[in-house]
Amino acid sequence: MAQPARFTFDLDLGKRTKPTAPPEPTMPERLVAELLAQAREQAYAEGVAAGERNATSVAAQTLAAAAGTLATQSAEMAAALDDATSQAQREAVELAASIGRKLALHLLARYPTVELDALIAECMQSLGGVPHLVVRCHPNIADAIRDIATAHMHTSGFSGRLVVMGDPDLRLGDGRLEWVDGGLVRDIGAIAKDIDLKISAYLAARGAEAKQQESDQ
């Protein structure tokens, strides 16, 4: 029978060899450089894209603000132009009316009987059965009007009584024709007022039309 071996405790445990640690993995420098380059390129691309987005946004905002300012200024300029045009039209019309008044007064002073002459001729054509006709005018032209009216009586067939009276309250060139059931008045002042009213109505209508066009735009 075999004898069991004896454990002699001759093994020095203090001298046991420690296990060797595995070497730490290392990355080639070339790969590290490539990764760094890729990271830089990606960061640069992202930075450029962000800058472009920011620039585009700023440009869009600037353009929108400029467009709004331009629209406001254009509207103000258009309104100012419309106002200037309306004012120029008003001044032109008023100037023409003023010149017309002065010319009319000048012609009346030079030819004070012309208007009454035409008025008498027109009336006598339709006053054949009227018993009398009274003509009132400025005293300075009463004799001339009497001669004119008498001449029209011979050519018109008017056979009634003719009365020409000088009236100092009438201006030179004005006059009144009166008969039994009617009459006519030649009043340069009333005509001038009527012209002024028509001018005012015309300018008001043009102004309303311009405002309507402006609101439609």
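Visitor: Which residues are exposed on the other side of H3?

Guide: Asp143, Asp147, His154 and Thr155. Exposed means over 50% relative accessible area, buried under 20%, and partly exposed in between (1.4 Å probe, protein chains only). This is a predicted model: local features need pLDDT of at least 70, side-chain atom pairs count only at pLDDT 80 or more, and totals for chains, interfaces and linings use all residues. Residues are numbered from 1 along each chain as its sequence is written, and side-chain values use heavy atoms, with hydrogens and water left out.

Visitor: Which residues of H3 are buried?

Guide: An α-helix has 3.6 residues a turn, so residues three or four places apart point the same way. In H3, the buried set is Ala142, Ile145, Ile148, Ala149, His152, Met153 and Ser156. Seen down the axis, they fall within an arc of 145 degrees, so they line one face of the helix. The arc is taken from the directions from the helix axis to the C-beta atoms.

Visitor: What do the buried residues of H3 pack against?

Guide: Helix H2 (114-124), strand E1 (132-137) and strand E2 (161-166). Contact means heavy atoms within 4.5 Å. Helices (H or I, at least four residues) and strands (E, at least two) are DSSP runs, numbered from the N terminus.

Visitor: In what order do the strands form the sheet?

Guide: Strands of a sheet pair through backbone hydrogen bonds, either parallel or antiparallel. Here four strands form an open, mixed sheet, ordered E2-E1-E3-E4. E2 and E4 (182-186) stand at the edges with a single partner strand each, so one side of each lacks a neighbour in the sheet. Pairing requires at least two DSSP bridges between two strands. E1 and E3 (residues 175-179) pair antiparallel over four bridges. Valine 135 has leucine 177 in E3 as its bridge partner.
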